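Q: I would like to learn how to read the features of a model such as this one. Please show it and start with the terms.

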Amino acid sequence: RWLASFAVQNRDDEYTHSSLFGAKDYQTGTGKLFFPDTPEIHEQLINVVVAMYEYGSPLCWVEMATVNYPFYEDIDVLGSQVS
């Protein structure tokens with residue numbers, strides 16, 4: 001439920017990430033998330049993204065341009081299981 005704590009509830013509220021599943025995203029219910037820009041949140045988010053991938057349920061989000069970060073790079077990762 002850690003991810004759900006960052007779900008944006010109101011349509012007009014600021015958000016940093018949007019789900020490709022939209023409002024059908026089971027993690028948020030709205031398809032929008034706001035992650036504070038702190039080292040602690042970054043580290044936790046990395047751990048959650050990796051765990052969800054390993055669980056077989058990768059997250060499909062788009063980072064949004066914000067006032068603080070008007071430009072961003074898109075990195076797509078194609079992974080495979082190594083035994």
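A: Helices (H or I, at least four residues) and strands (E, at least two) are DSSP runs, numbered from the N terminus. By that naming, Pro58 is found in the loop between H1 and S3. The model is predicted, so local features need pLDDT of at least 70 and side-chain atom pairs count only at pLDDT 80 or more, while totals for chains, interfaces and linings use all residues. Residues are numbered from 1 along each chain as its sequence is written, and side-chain values use heavy atoms, with hydrogens and water left out.

Q: How many helices and strands are there in the chain, and in what order do the elements run from the N terminus?

A: The chain has one helix and three strands. Their order from the N terminus is β-β-α-β.

Q: What span should helix H1 have, at 1.5 Å a residue?

A: The expected span of a helix is 1.5 Å times one less than its number of residues. Helix H1 covers residues 39-55, so its 17 residues should span 24 Å; the end C-alpha atoms are 24 Å apart, which agrees. Just after H1, Gly56 has a positive phi of about 90°.

Q: Which residues of H1 are buried?

A: Buried means under 20% relative accessible area, exposed over 50%, and partly exposed in between (1.4 Å probe, protein chains only). In H1 the buried residues are Ile41, Leu45, Val48 and Met52. They cover an arc of only 65° around the axis, which puts them on the same side of H1; the arc is that of the directions from the helix axis to the C-beta atoms. In general, an α-helix has 3.6 residues a turn, so residues three or four places apart point the same way. On the face of H1 turned away from the buried side are the exposed residues Pro39 and Glu54. For the chain as a whole, 27% of the 83 residues count as buried.

Q: What covers the buried residues of H1?

A: Contact means heavy atoms within 4.5 Å. The cover over the buried residues of H1 includes strand S3 (61-63).

Q: In what order do the three strands form the sheet?

A: Strands of a sheet pair through backbone hydrogen bonds, either parallel or antiparallel. Here two strands pair if DSSP finds at least two bridges between them. The three strands form an open sheet in the order S2-S1-S3, with antiparallel pairing. Strand S2 (32-33) and S3 stand at the edges with a single partner strand each, so one side of each is left without a neighbour in the sheet. Strand S1 (residues 17-19) is joined to S3 by three bridges. Within S3, Val62 is the bridge partner of Ser18.

Q: Which residues form the largest nonpolar core?

A: A nonpolar core is a set of buried Ala, Val, Leu, Ile, Met, Phe, Trp, Tyr and Cys residues joined through side-chain atoms within 4.5 Å. The largest one has nine residues: Leu3, Phe6, Leu33, Phe35, Ile41, Leu45, Val48, Met52 and Trp61. H1 gives the largest share of this core, four residues. Beyond four places in sequence, the residues that Leu33 touches include Leu3, Phe6, Tyr15 and Trp61.

Q: How many aromatic pairs are there?

A: Rings of Phe, Tyr and Trp (its six-membered ring) pair if their centres lie within 6.5 Å; planes under 30 degrees apart count as stacked, over 60 as edge-to-face and the rest as tilted. By this rule there are four aromatic pairs. The rings of Trp2 and Phe35 have centres 6.3 Å apart and planes at 25°, so this pair is stacked. Trp2 lies in the segment before S1 and Phe35 in the loop between S2 and H1, so the pair ties together parts that are 33 residues apart in sequence. Phe35 and Trp61 form a tilted pair, 5.6 Å centre to centre with 40° between the planes. Ring pairs link Trp2, Phe6, Phe35 and Trp61 into a cluster.

Q: Are Trp2, Phe35 and Trp61 buried or partly exposed?

A: Trp2 counts as partly exposed at 26% relative accessibility. Phe35 is buried at 6%, and Trp61 is buried at 18%.

Q: What does Pro58 touch, not counting residues up to four places away in sequence?

A: Pro58 touches Met52 and Tyr53 on that count. Its relative accessible area is 45%, so Pro58 is partly exposed.
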